[in-house]
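Reader: Please show me the structure, and let us then discuss the grounds on which its features are named.

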Amino acid sequence: MSIRESPVLLLTNDDGYDAPGLLALRRACDGLGDCRVIAPLTAQSGCGHRVTTHETLEVSTHENSVLAVSGTPADCVRLAIDHLTPDVAWVLAGVNAGGNLGTDVFHSGTVAAVREGVIHGLPGIAVSQYIARGRSIDWERAARWTRDVLRDLFARPWRPGTFWNVNLPHPAPGAADPEVVFCPLDPSPLPLRYEIEPGRALYRGDYQQRPRRDGGDVAVCFGGGIAVSLVRVFDADPDGTADGLSG
């Protein structure tokens, strides 16, 4: 898919239709395609690949033709493909406020949105902004980095059954632009630590102290690089070869 063909880009997220990261993604896509923004009405962070099948989904229109769906990110993609924008060529999700690294892809609503697109035969890119402790997100910087990555990935051939997972680092203000590093997902689990009270438990794992493997996306992003991982949802290659893929 060439960016010169002005593809229809479906933009969504899991932070809600009015999240600053979604606006940053829209800025990043300016001139790269025909953007259609269809996102959850409310924040759905951590919802994974949950879909709504036994309740009515409501759709409302907001400023700049943004459509908000009373469901999950995967719901947004399903409804878009079936009815709202069936001519979509790419599914883009983000920019998520917080990393979606390694095993995060299994519970991330952001990642689930592009995975849903892959299931229906569409290429997709999930973009997340890791947050370093004590720093606030520079969304202008995130949009600029995202745009550069999108231009590169749009120009690459797409293998059905896969998507790209992108995590932006969080260097100090004024730092040099980071290097883009293609790397596999890190399979290390998140820390399991709960604050326990009688009959109750509150997760207290330290995201910044999560384990990591050298060369994996966690180490790359925490080390200041833009981590770009090709993730396989299923093997669509009839001869069973999928060299270079991770996930």
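Author: Let us begin with a term: a polar contact is a pair of N or O atoms within 3.5 Å. The model shown here is predicted.

Reader: What makes the pairing of the side chains of Asn100 and Ser108 a polar contact?

Author: The side chains of Asn100 and Ser108 lie 3.2 Å apart in this pairing. The cut-off is 3.5 Å, and therefore the pair counts as a polar contact.

Reader: Why is Asn100 called buried?

Author: Its relative accessibility is 5%. Buried means under 20%, so Asn100 counts as buried. Asn100 lies in the loop between strand E5 (90-97) and helix H3 (109-119).

Reader: Which residues does Asn100 touch, leaving aside those up to four places away in sequence?

Author: Asn100 touches Val105, Ser108, Thr110, Val111, Ser128, Asn165, Asn167 and Tyr207. As for Thr110, its C-alpha atom is separated from that of Asn100 by 8.2 Å, with the two residues 10 apart along the chain.

Reader: Where does Asn100 stand in relation to the largest pocket?

Author: Asn100 is among the lining residues that lie nearest the centre of the largest pocket, together with Asn96, Gly98, Gly99 and Tyr207. The lining has 17 residues, and the pocket holds about 280 Å³ of space. By class, 5 lining residues are nonpolar, 9 polar and 3 charged.

Reader: Which helix gives the most to the lining of the second largest pocket?

Author: Helix H1 (residues 20-28) does, with 4 residues. The volume of this second largest pocket is about 210 Å³, and its lining divides into 7 nonpolar, 2 polar and 3 charged residues.

Conventions: Residues are numbered from 1 along each chain as its sequence is written. This is a predicted model: local features need pLDDT of at least 70, side-chain atom pairs count only at pLDDT 80 or more; totals for chains, interfaces and linings use all residues. Side-chain values use heavy atoms; hydrogens and water are left out. On a 1 Å grid over the protein atoms alone, a cavity is a set of points where a 1.4 Å probe fits but cannot get out, and a pocket is an open set with protein on both sides within 12 Å along at least five of seven lines; lining residues have an atom within 4 Å of a point. Grid points are joined across faces, edges and corners, and a volume is the space filled by probe spheres set on the points. Ala, Val, Leu, Ile, Met, Phe, Trp, Tyr, Cys and Pro count as nonpolar, Asp, Glu, Lys and Arg as charged, and the others, Gly among them, as polar. Helices (H or I, at least four residues) and strands (E, at least two) are DSSP runs, numbered from the N terminus. Buried means under 20% relative accessible area, exposed over 50%, partly exposed in between (1.4 Å probe, protein chains only). Contact means heavy atoms within 4.5 Å. A polar contact is a pair of N or O atoms within 3.5 Å; within protein, one must be able to donate a hydrogen and the other to accept it, and residues adjacent in sequence count only if both atoms are side-chain atoms.
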